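This report goes through one protein model, from a charged residue and its partners to the overall figures. Please keep the structure in view while reading.

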Amino acid sequence: MSRGLTRAGVLAGGPEVWVYGPPTSGRARETTGEAPGLVGRRLRTGGPAGRLLLEVPWLARRDGLALWHAAWAAPAPWARVPVVLSVHDVLFATHPALFTPARAALLRRVVAWSARRAARVVVPTRATRDALLATWPWLDPARVVHVAFGVDRARFRPLAPAPAGPAGVDGTGGLAADDARRRAALGLPAGPWVLFVGRPDPRKGLDDLLVAVAGLPDLGLVVAGPLGAAHAALGARATGLGLGPDRFAARDHVADDDLPALYRGCLALALPSRGEGVGVPVLEALACGAPVVVSDDPALRETAGERAAAVFPAGDPLALRDALAALRDAPAAARARA
């Protein structure tokens, strides 16, 4: 099951529902072959999350579910199935300015109700656990469990040192050449570039990164994520800061198979968020051996480790520029640390 969850990837979107059980338990349409004695069946992908919660009682009765694992919002009590709730962050309580007042109030009510309903609440970082318990002191700490995120090391891995041999062949069976082909197909800047992976919403600090990279004329910036309607505005902002096509590229919905090639090819991953619950791109980048620059958000510092990343004060583009310049000037040391 855990392998199936990792395949969703950091850029995936929309709720996806799988049921796992013995092979005789249901009408399996797609099997994972990765969990001995269990068959995985995809029930639905995409659609409104609210509709999914209304479907849970029906799914529980039809499939005889013994446990429902939900993110953020638990199903109604009449589903009569034990719930384990994953809460990735409580930014709506710790950073309410990042949300509209209505959105923050709604999330606070829904997640609080769901946490009361759940038998266990799973959080990805100790920083999130601390924030959760501070937000709702009535929660029993024994019910809030820290389970750290991981990455698929078969996909996210560094390049091996190239042995003596034919040109283009390295210790990973031509991985370097395959990476180069993937990056060329995406039309990325030729010179060294900084990578940002994620959604371009305001809390991610992407505008700070644009300003920081614009102040370093020898660096470019690549943005990969579900950009949607923000794509055009992002390009206009980059152009206004002097980041032309030779230094800036924004790629909407990069394929999962292409993402490791971006991590392995960048000067560094930068995640200048004003608030995070974990920061999955940090884990993926470090697994690929890419240097990382993060804001001093507690969850990001925890995810990156105290020695593995360069840290700067959130909301300070000049400090971010200086951190990137330091990586540019000593790339080998930064990559070894990653």
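Arg203 counts as buried, with a relative accessibility of 18%; buried means under 20% relative accessible area, exposed over 50%, and partly exposed in between (1.4 Å probe, protein chains only). The model is predicted, so local features need pLDDT of at least 70 and side-chain atom pairs count only at pLDDT 80 or more, while totals for chains, interfaces and linings use all residues. Residues are numbered from 1 along each chain as its sequence is written, and side-chain values use heavy atoms, with hydrogens and water left out.

## Arg203 and its partners

Arg203 takes part in a salt bridge with Glu276, where the closest N and O atoms are 3.4 Å apart. A salt bridge here is a side-chain nitrogen of Lys or Arg within 4 Å of a carboxyl oxygen of Asp or Glu. Arg203 sits in the loop between strand 7 (193–197) and helix 7 (206–214), and Glu276 in the loop between strand 10 and helix 10, so the pair ties together parts that are 73 residues apart in sequence. Helices (H or I, at least four residues) and strands (E, at least two) are DSSP runs, numbered from the N terminus. Glu276 is buried at 9% relative accessibility.

Arg203 also meets the side chain of Asp201 in a salt bridge, at 3.8 Å from N to O. Asp201 is partly exposed, at 26% relative accessibility.

Ser273 is found in the loop between strand 10 (268–271) and helix 10 (280–287). What does Ser273 contact, leaving aside its neighbours within four places in sequence? The list is Arg203, Lys204, Gly205, Ser295, Asp297, Leu300 and Ala314, a contact being heavy atoms within 4.5 Å. Ser273 has a relative accessibility of 0% and counts as buried.

## Helix 6

Asp178 and Arg181 both belong to helix 6 (residues 175–186); they are three residues apart, about one turn of the helix. Their side chains form a salt bridge of 3.5 Å, N to O. Asp178 is partly exposed at 24% relative accessibility, and Arg181 is exposed at 55%. A network of salt bridges links Asp178, Arg181, Arg182 and Asp258.

| Pair | N to O distance |
|---|---|
| Arg203 and Glu276 | 3.4 Å |
| Asp178 and Arg181 | 3.5 Å |
| Arg203 and Asp201 | 3.8 Å |

From its first C-alpha to its last, helix 6 reaches 17 Å over 12 residues, close to the 16 Å expected at 1.5 Å a residue. The expected span is 1.5 Å times one less than the number of residues.

Which residues of helix 6 are buried? Leu175, Asp179 and Leu186 are buried in helix 6. They cover an arc of only 40 degrees around the axis, which puts them on the same side of helix 6; the arc is that of the directions from the helix axis to the C-beta atoms. The buried residues of helix 6 pack against strand 9 (248–252) and helix 9 (259–265). On the face turned away from the buried side, helix 6 carries the exposed residues Arg181, Ala184 and Ala185. Gly187 follows helix 6 and has a positive phi, near 65 degrees.

Trp72 is not a glycine, yet its phi is positive, about 75 degrees. Trp72 is in the loop between strand 3 (68–71) and strand 4 (83–86), and is partly exposed at 26% relative accessibility. His253, also a residue other than glycine, has a positive phi near 55 degrees. His253 lies in the loop between strand 9 and helix 9 and counts as exposed, at 51% relative accessibility.

## Cysteines

How many disulfides does a search of the whole structure find? The search finds zero. A disulfide is a covalent bond between the sulfur atoms of two cysteines, here taken as a pair of cysteine sulfur atoms within 2.5 Å. The cysteine sulfur closest to that of Cys266 is in Cys288, at 8.7 Å, which is too far for a bond. Cys266 is buried, with a relative accessible area of 2%, and Cys288 is buried at 3% relative accessibility.

## The whole protein

The protein has 13 helices and 12 strands. Of its 338 residues, 45% count as buried. The count of salt bridges comes to 12. Among contacts in the protein with a separation of 6 or more, 62% are between residues 24 or more positions apart. The protein exposes about 16100 Å², of which carbon and sulfur atoms supply 59%; accessible areas come from the Shrake-Rupley method with a 1.4 Å probe, and for residues only the protein chains shown count as cover.
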